[in-house]
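The sequence and structure come next.

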Amino acid sequence: MTVRRVTRAILEPLLAGVLAVLMLAVLLGVSGYPVGEALSALWRGAFGSWSVIASGTLVRATPLLFAGLAVAVAFRAGILNIGAEGQLLMGACAATAVSVAVPPSFGAAGLILALLAGIVAGGTWAAIPAVMRLRFGVLEVISTIMLNVVALNITGLLVRGPLQETTHTFPQSALLDRALRLPQLMTGSRLHAGVLLALVTAIGLAWFLRATAPGYRLRMTGANPAAAASAGRIDVGRVMFAAFVLSGALAGLGGAVEVTGVTYALYENLSPGYGYTAIAVALLARLNPASAIGAAVVFGALEAGASAMQRDAQVPAGMVGVVEASVILVLLASEWVGARVAARGASIRGGTPRAENLPGPAVS
Amino acid sequence: MSANLASDFLDASVRNATPLLLAALGETVVERSGVINVGLEGTIIAGCLAGLAGAAAFGPTTGLLVSAAAGLAIAVIFAFIAIGLAADQIITGTAITMLGLGLTGTLYRLLYGDSGAALRTPTLSPIGIPLLKDIPFIGSALFDQALPTYLAAALVPILWWWLYRTQSGLALRATGENPDAARASGIAPRRVQTLAVLIGGVCGGLAGGTLVLAQVGTFAEGMSAGRGFVAIAIVALGRWHPVGAAMAALLFGMASTLQFFFQALNLQVPYQVFLALPYLLTLLALALSSSRYRAPAALGRRQQSVD
């Protein structure tokens, strides 16, 4: 990564964060909330102290990063996987099932088994739309949306049935044994080792895409499947299948980390839409895994701050959803402006514009 | 008793299917033009809140019109970014859904207080058609419903006729299959798609209005509860055809009604099974359907920014 790329990876999410706060300020002002009070609550909730950064922002950013990586890697391969939500939930279910089944004496081995189960479940759940797309030509956009709902219902079924806690009163699983939880990184905070796992995964994925042959094939397939198949002699179908499964595995790991590191139990509403916000994370990161770290922190901070804003300034948390959505829309619009400027510059220089768009949905 | 129960079941199924059908008919038009609007969920919830506000001020029938206007407004944003600026449709749609859910939650609290206490609105009363509504078994289900149900039922043949029997319907379908060829034959693809998205917005807004004004009678944050995604599934299960959408919507309506019936009868069947079943059925139908019934070829493809 060149210095310029690193700067961009840090600057762009930062700019988006500033933009989001500005939009929020306007929105707050228009709606008649005390702007200063609300924004200071937002700041305190997101970055007020080291413990808030650790317990709030970073803990919230972790599932967003896993799911964001899942979306980014799929989109890079030309697959519109919007099923990260369902894949994350299936990962959480599998991790819980393993954690409940293994004896606490397994300790770290049990934890690793649970995380692996999350990876396998997420990958398997993603293999369904992958097969449907490649064998039967079913658009993955449609199939993943439906599988998200199915996954949510499976979760609901599990927490009221096979995985319900022993008293059978609450729709949730039993609490995981301490020995099977992800270790805490700081005493007195909720920061868990899953944050490090997410960071390592992001950097590993960036390296995989940039520096390995399979990563190259994945990018070529996404950029131009026809050319990848004919000129590159790449088995496009196989690469897409692998990328889809990898994407699901990343989201599934995110779900497993959420259960073993944060909630310690399976709930029906475990995810407040992580899989959907992840699309915003991936977009802000321009589908670049390393940049997704900063993007996930920005959205994690917004969501952590939103809870504080609701608590201390009675600002509805939905307002942050509005801001997140507006950031995405502004990014989409600015991409268009950027493409226009680039095209003009290119035509002046007489060269061809460098296409740096998102991969268009490659429809078979 | 059992005949009564069956008639009640059918009646409730049609009522539950109505908002789904309205949204799905609009989305059928949208997808036939080659655009997929995942923001439908946001459009529906906007229609919900607008319907409530409109009904509180002017009565339920006007409320329905206000909900259609809100759906149209949301569709304008989607059309501007996804078609006007040729941005990715999926990302735009996802943002629109987030926008709709967040905006309605915020506005509701602003308009009706921080408590978010339920504001009740008068609902549209059923319009019984004389004689027909007394037909045993199906009478109340088909001929004693509120206005939106008749509207949705009327839209099915109208849209079929438009899509398959008129020049402009052909232009729309041609755009969905191959925008470049359509352009070559003198059609302006982006204009056609914008029109389709706006129609979809009106239908999605009406679906939200129906939910509030013909069923629930109040607003709750996130009350659309995934109906936009259900509607997208219905479009696929209905094979991108208005009549297919009607049958698929009824199926989904029955599934959600079954859930309430099992709960009311205290049957120990997990209701999640019934909620998930239509989706699994749709996936199966999509996988097994022959290539004759595939999605529009250009569905979801990003448009060029020049016509």
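What percentage of the 364 residues in chain A do buried residues make up? They make up 55%, a residue being buried if 20 or more other C-beta atoms, placed from the backbone, lie within 10 Å of its own, exposed if 12 or fewer, and partly exposed in between. This is a predicted model, in which local features need pLDDT of at least 70, side-chain atom pairs count only at pLDDT 80 or more, and totals for chains, interfaces and linings use all residues. Residues are numbered from 1 along each chain as its sequence is written, while chains are lettered from A and ligands numbered from 1 in the order in which they are written.

**Chain A**

- Chain A has 13 helices and zero strands; helices (H or I, at least four residues) and strands (E, at least two) are DSSP runs, numbered from the N terminus.
- The radius of gyration of chain A, taken over C-alpha atoms, is 21 Å, close to the 21 Å from the globule rule for 364 residues, so chain A is as compact as a globular protein of that length. The globule rule is 2.2 Å times the number of residues to the power 0.38.
- The C-alpha trace of chain A spans about 70 × 55 × 35 Å along its principal axes.
- Of the contacts in chain A between residues at least 6 apart in sequence, 77% join residues at least 24 apart; two residues are in contact if their C-beta atoms, placed from the backbone, lie within 7 Å.

**Contact between chains A and B**

- Chain A and chain B each give 42 residues to the contact.
- On the side of chain A that touches chain B, H13(A) supplies the largest share, 13 residues.
- That side of chain A has 28 nonpolar, 11 polar and three charged residues. Ala, Val, Leu, Ile, Met, Phe, Trp, Tyr, Cys and Pro count as nonpolar, Asp, Glu, Lys and Arg as charged, and the others, Gly among them, as polar.

**Helices H2 and H9 of chain B**

- The axes of H2(B) (residues 40-58) and H9(B) (residues 189-216) come within 6 Å and cross at roughly 55 degrees. Axes are lines fitted to C-alpha atoms, for helices over the stretch in contact, and angles run from 0 to 180 degrees between N-to-C directions.
- H2(B) and H9(B) are therefore oblique to each other: angles under 35 degrees count as roughly parallel, over 145 as roughly antiparallel, 65 to 115 as roughly perpendicular and the rest as oblique.
- The residues of this contact comprise 13 nonpolar, eight polar and no charged.

**Ala182(B)**

- Ala182(B) lies in helix H8 (residues 179-184) of chain B and counts as buried, with 23 C-beta neighbours inside 10 Å.
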